[in-house]
Amino acid sequence: MQSYLDFEKPVADLEAKIAELKSLAATDQAVSIDEEVSRLSARADEALVEIYRKLTPWQKTQVARHPQRPHFSDYVKSLITEWTPLAGDRKYGEDAALQAGFGRFNNAPVAILGQEKGSSTETRLKHNFGMANPEGYRKAVRIMEMADRFSIPVLSFVDTAGAYPGIGAEERGQAEAIARSTEKGLELGVPNLAIIIGEGGSGGAIAIATANRVLMLENAIYSVISPEAGASILFRDAGRAQDMATAQKITAQDLLGFGVIDGIIPEPAGGAHRHHGAIMEAARAAIASFLGDFDGKSRLETREHRREKFLAIGTSL
């Protein structure tokens with residue numbers, strides 16, 4: 001069942017009318033609805049295109065958080081074969097929020113990292129809404145070290161509101177674990193690609209996004225703090241999250257202009273949550289292009305490319 005955002009109300013009303021007509025036709029075969037359904041469908045499509053053509057930063061934030069948006073597990077299922085998840089950091093335990101393992105992309109071996117938010121109440125609780133604990137980031141480091149040792153490229157799928165801020169996480173060294181993961185991503189001798197598929201929140205995102213190439217889905221967001229938290233700190237009013245989202249410059253378009261990211265993966269009108277198949281194919285093409293561009297590069301070249309990329313951020317504003 002389609003879930004609608006507040007600003008999608010015109011589309012919701014039209015699609016509700018279409019559903020009513022189809023329900024009526026199902027009970028009365030004599031009623032001809034084809035022409036009216038076609039007309040309403042065309043209007044709904046036009047409304048969707050118009051709405052998504054001029055989304056505000058706050059509306060993009062809502063789209064990035066849409067519960068039906070493809071999650072890490074969807075990308076793995078569609079793009080990766082022979083997926084073998086690995087568990088545990090070999091120090092404390094397993095963290096289900098950050099998934100990691102190995103598989104094959106287009107029959108070539110790859111290491112995979114990604115935050116999984118979950119798609120139901122049960123899975124959201126299991127994966128802690130994609131907010132990783134220190135053991136999750138230490139697991140990521142373990143996988144990156146293995147990938148580096150065996151010359152296997154690393155793919156990261158970023159989708160988190162941020163690292164888990166609980167007392168236990170802080171006691172077990174959350175900040176240190178994030179720093180170690182960030183450092184490992186920067187020093188890899190193998191190419192790594194990060195795709196921000198939904199929310200890219202703070203250090204919880206950057207820990208697995210220090211990559212040779214960082215891409216964002218068109219309606220994803222990437223920021224040092226959530227709009228709500230930023231508004232609480234700067235404006236003393238979480239209700240001004242819309243203003244904060246605009247001021248933060250958290251959209252893919254803004255960040256590409258600043259040189260923080262390297263490219264945008266387009267989303268069809270209506271967002272990724274309405275077009276899973278199209279998004280998977282777009283992601284497949286982006287990953288294939290990245291692997292092709294870095295094929296044959298030496299470890300030194302790969303590391304220097306990443307170093308120069310991150311040192312250049314902010315130098316030409």
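**View 1. The second largest cavity has a lining of six nonpolar, five polar and no charged residues.** Here Ala, Val, Leu, Ile, Met, Phe, Trp, Tyr, Cys and Pro count as nonpolar, Asp, Glu, Lys and Arg as charged, and the others, Gly among them, as polar. The model is predicted: local features need pLDDT of at least 70, side-chain atom pairs count only at pLDDT 80 or more, and totals for chains, interfaces and linings use all residues. Residues are numbered from 1 along each chain as its sequence is written, and side-chain values use heavy atoms, with hydrogens and water left out. The cavity holds about 40 Å³ of space. Its lining includes Met144, Asn192 and Thr210. β4 (154–160) and α8 (174–187) each supply at least two lining residues. Helices (H or I, at least four residues) and strands (E, at least two) are DSSP runs, numbered from the N terminus.

**View 2. The largest cavity has a volume of about 70 Å³.** The structure holds two cavities of 30 Å³ or more. On a 1 Å grid over the protein atoms alone, a cavity is a set of points where a 1.4 Å probe fits but cannot get out; lining residues have an atom within 4 Å of a point. Grid points are joined across faces, edges and corners, and a volume is the space filled by probe spheres set on the points. Among the residues lining the largest cavity are Arg65, Glu199, Ser202 and Pro227. β5 (192–201) and β7 (221–223) are the elements that give two or more residues to this lining. β5 gives the most, with three. The lining divides into five nonpolar, five polar and two charged residues.

**View 3. The largest pocket has a volume of about 190 Å³.** A pocket is an open set of points with protein on both sides within 12 Å along at least five of seven lines. Of its 14 lining residues, Arg65, Lys117, Gly118, Arg124 and Phe129 are the closest to its centre. The lining holds five nonpolar, three polar and six charged residues.

**View 4. Strand β3 (residues 108–115) is largely enclosed by the rest of the structure, because six of its eight residues are buried.** Buried means under 20% relative accessible area (1.4 Å probe, protein chains only). Strand β2 (residues 98–105) pairs with β3 in the antiparallel sense over eight bridges; two strands pair if DSSP finds at least two bridges between them. Phenylalanine 105 stands opposite alanine 108 in β3. Two residues separate β2 and β3 in a hairpin, and asparagine 106 in the turn has a positive phi of about 50 degrees. β3 and β4 run parallel, joined by four bridges. Here glycine 114 stands opposite phenylalanine 157 in β4.

Terms used. Buried < 20%, exposed > 50% of the residue type's maximum accessible area, 1.4 Å probe, protein only.
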